[in-house]
Amino acid sequence: MFRYTKLTALREVGFWALALVFLLPFYFLLMTSLKSDQEVFTTSAAAPPSSLDFGNFVEVLSARGNSNVLWGLFNSVIITAGSIAVLVLLGSLTGYVIARSTSRWSTTMYYLFLVAIVLPTQLGTVPLYIGARTLGLTGSVWGMIILYGGMLLPLAIFLYAGFFRGLGTEYEEAAAIDGASRTQIFFRVVLPLMSPATGTVAILAGLIVWNDFFTSLIFLGGSDNQTLPVTMYYYIGSLVSSWNKIFAIVIVSMIPILAFYLFAQKKFIQGFAGGLKG
Amino acid sequence: MTQTPTSATRAVVLPEPTGRRARRPRKRPQGMLAFGHWWWALPGILLVLGIHYASTAVGGFFAFTDWTGLGAFQLIGLDNFVEIFSDPTKIGAVGNTLFLAIASVIITNVAGLGIAVGLNRGLKSRYVLRTLFFMPVVLSPLAVSYIWKFIFDYNGPFNGFLGMIGLEEAIRPWLADPEWAIWIVLVVISWQNTGFAMVIYMAGLAAVPVEIEEAAAIDGANLWQRFWHVTLPSIRPAVAIATTLGLVNGLRIFDQIMALTGGGPAGATETLATEVYKESFALGNFGYGAALALILTLIILVFAVIQQRLTGERREA
């Protein structure tokens with residue numbers, strides 16, 4: 001009964017029209033970023049630029065100091081990659097013990113992690129900031145990796161524990177019979193089997209870290225190691241309403257994540273839909 | 001934590017690889033791990049206890065002090081809270097936080113579910129469309145907000161559009177208008193999060209067998225009845241997830257405000273998160289900021305609990 005009828009075709013066209021309106025902001029973004037300083041004020045936002053002018057991008061990318069967008073990009077990459085590494089290592093180890101242990105304590109811990117997922121970070125940020133300031137960890141890339149690792153660990157543990165519960169112990173038993181040590185069993189047998197979980201953790205946590213503004217503004221704002229969102233915030237604040245330059249920064253900031261998304265969109269969507277369902 | 005040494009001794013007593021096969025028969029003592037070591041979980045547990053629980057507890061303590069981040073401080077009881085609730089801007093921030101969270105959850109879930117249902121059956125290009133609608137979700141809320149700031153700028157395309165269709169009298173500086181600014185923030189949040197709800201619902205809908213709908217159709221149920229009585233009840237878990245996560249994230253709204261209005265005009269779009277940031281980190285009122293953060297935390301926890309009750313069927317983890 002669910003055949004492809006004229007009505008379905010109409011629905012298809014309707015959704016495409018909706019999608020185009022939905023994505024209209026990206027059209028304004030691209031068009032404006034290519035306009036010259038003069039053209040931004042004289043032409044309508046809907047009109048395309050008279051000539052392709054990449055001058056805004058050149059100017060924005062050559063800014064130095066606290067507005068160094070490329071340096072911000074670099075910091076964001078290091079911090080995101082480092083946080084993912086911490087989360088995969090600690091998340092999988094903790095998730096494994098929590099999922100495999102039958103002890104009452106592991107259940108308690110599991111609920112403790114579950115609550116920590118919902119617990120907002122704002123209240124803890126104040127003491128964490130003072131602690132980090134005392135230890136000289138504000139403005140430090142390593143400090144941020146530890147911080148993000150801790151903040152997102154409950155989510156990583158929750159995801160891993162869910163995947164481990166669905167994995168029988170046959171693989172571990174077979175490896176043990178073959179004489180593998182516990183460490184070998186985990187890192188050579190169990191963890192490789194968990195690559196879907198690792199992918200989900202990397203995508204979800206990586207995206208949260210990459211886009212995070214609140215935490216990085218507090219811990220890195222004004223330092224030499226600002227992440228991309230913080231650099232963007234301060235740089236754009238100094239540009240008042242030079243929308244062509246602002247949009248050049250916005251586009252530069254979006255390109256890495258958009259490229260990654262369009263390349264692996266199925267993994268992204270599955271990660272969100274499946275991962276969060278637990 | 002007092003129990004850990006006990007499980008430590010148990011773990012040490014675990015059978016060595018040689019003896020394991022003989023002892024395999026299921027009945028393992030409680031808490032024993034056949035593989036791995038219990039202490040593998042220790043770094044993770046300590047990190048979570050420190051960064052989530054200990055810091056939140058210390059923050060909760062600061063909420064009852066007048067600490068400025070430097071030097072000595074005094075316990076001042078509920079003074080911070082009295083001050084918060086006698087400041088119209090702070091009360092406004094609580095109101096704005098609740099309004100943005102609740103309204104955006106309703107909008108994104110209705111729109112997301114609508115798109116998901118529409119795309120679910122039969123469309124040839126549904127995966128491409130899904131990719132497009134989901135795209136804003138992966139982008140930084142900060143970056144996205146700048147695009148919208150331009151769209152609702154006085155000289156921006158939205159006013160241009162209003163002028164074009166002859167609604168000149170509606171033209172205004174949207175984000176500088178204390179009446180309207182909060183609605184624009186709502187538009188931006190809803191636009192960005194609709195794709196998220198859509199994806200959760202598409203996953204939920206994919207698990208509903210087409211036969212059930214067909215059976216209902218054969219029994220004479222119309223489109224609306226099929227949706228309301230057949231489809232919706234079968235995706236209840238998806239509704240629970242999408243609304244809970246939307247609400248929790250909505251209550252923390254920060255980036256969009258900072259980019260769009262900075263809390264203005266005249267505090268009309270402040271939220272609890274922006275106030276926490278400003279009081280604690282811009283003004284150095286750590287005690288006062290912690291009190292605001294404590295209110296935010298309590299609101300989120302209360303909503304998370306209510307949400308779990310309302311959507312029923314606690315998904316047993």
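This is a predicted model: local features need pLDDT of at least 70, side-chain atom pairs count only at pLDDT 80 or more; totals for chains, interfaces and linings use all residues.
Let's start with A:Ala63. A:Ala63 has 17 other C-beta atoms within 10 Å, so it counts as partly exposed.

Where is A:Ala63? It sits in the loop between helix H4 (55–61) and H5 of chain A. What does A:Ala63 touch, once residues up to four places away in sequence are set aside? The answer is A:Asn68, A:Val69 and A:Tyr235. Look at A:Tyr235 in that list. A:Ala63 and A:Tyr235 are 172 residues apart in sequence. In space, their C-alpha atoms are 9.2 Å apart.

A:Tyr235 takes us to a helix pair. A:Tyr235 lies in H13(A), and it is one of the residues there that meet H14(A). Helix H13 of chain A covers residues 228–237, and helix H14 of chain A covers residues 243–263. Their axes are 10 Å apart, and the packing angle is about 175°. Angles over 145 degrees count as roughly antiparallel. Therefore H13(A) is roughly antiparallel to H14(A).

Who meets whom? From H13(A) come A:Leu228, A:Met232, A:Tyr235 and A:Ile236. From H14(A) come A:Ile246, A:Ile249 and A:Ser253. By type, that contact has 6 nonpolar residues, 1 polar and no charged.

Now chain B. How many helices and strands does it have? There are 15 helices and 0 strands. Chain B has 317 residues, and 43% of them count as buried. Take its contacts with a separation of 6 or more. Of these, 69% join residues 24 or more positions apart.

Chain B has a helix pair to look at too. Helix H12 of chain B spans residues 236–251, and helix H15 of chain B spans residues 286–310. The axes come within 10 Å and cross at roughly 170°. So H12(B) is roughly antiparallel to H15(B). On the H12(B) side we find B:Thr243, B:Thr244, B:Leu247, B:Val248 and B:Leu251. They meet residues of H15(B), among them B:Leu296, B:Ile299 and B:Phe303. The count for this contact is 8 nonpolar, 3 polar and no charged.

B:Ile257 is in helix H13 of chain B. Why is B:Ile257 called buried? Because it has 28 C-beta neighbours inside 10 Å. Leaving out residues up to four places away in sequence, B:Ile257 touches B:Val185, B:Gly263, B:Thr269, B:Thr271 and B:Thr274. Compare that with B:Thr108, 149 residues away along the chain from B:Ile257. Their C-alpha atoms are separated by 18 Å.

The second residue is B:Ala266. Its loop runs between helix H13 (255–260) and helix H14 (272–282) of chain B. B:Ala266 has 12 C-beta neighbours inside 10 Å, so it counts as exposed. Its phi is positive, about 55°, although B:Ala266 is not a glycine.

Step back to domains. The domain assignment of chain B gives domain 1 (4–76) and domain 2 (81–310). Their C-alpha centres lie 36 Å apart. The contact takes 10 residues from domain 1 of chain B and 8 from domain 2 of chain B. The domain 1 side divides into 4 nonpolar, 5 polar and 1 charged.

And the two chains together? Their contact takes 84 residues from chain A and 89 from chain B. On chain A's side, which helix gives the largest share? That is helix H5 (residues 69–100) of chain A, with 8 residues. The whole chain A side divides into 59 nonpolar, 19 polar and 6 charged.

Last, confidence. The predictor gives the complex an ipTM of 0.90 and a pTM of 0.87. Chain A averages a pLDDT of 88, and 98% of its residues score at least 70. Within chain A, H5(A) has the highest confidence, at 93, and helix H15 (residues 265–275) the lowest, at a mean of 81. Chain B averages 84, with 88% of residues scoring at least 70. Its lowest helix is H1 (residues 4–13), at a mean of 38, and its highest is H7 (residues 141–151), at 94. Over residues 1–31 of chain B the pLDDT is below 50. That stretch still has 27 contacts in the model beyond near neighbours in sequence.

Technical notes: Residues are numbered from 1 along each chain as its sequence is written. Chains are lettered from A and ligands numbered from 1 in the order in which they are written. Domain bounds come from an automatic or database domain assignment. Two residues are in contact if their C-beta atoms, placed from the backbone, lie within 7 Å. Ala, Val, Leu, Ile, Met, Phe, Trp, Tyr, Cys and Pro count as nonpolar, Asp, Glu, Lys and Arg as charged, and the others, Gly among them, as polar. Helices (H or I, at least four residues) and strands (E, at least two) are DSSP runs, numbered from the N terminus. Axes are lines fitted to C-alpha atoms, for helices over the stretch in contact, and angles run from 0 to 180 degrees between N-to-C directions. Angles under 35 degrees count as roughly parallel, over 145 as roughly antiparallel, 65 to 115 as roughly perpendicular and the rest as oblique. A residue is buried if 20 or more other C-beta atoms lie within 10 Å of its own, exposed if 12 or fewer, and partly exposed in between; C-beta atoms are placed from the backbone. pLDDT is the predictor's confidence in each residue, from 0 to 100.
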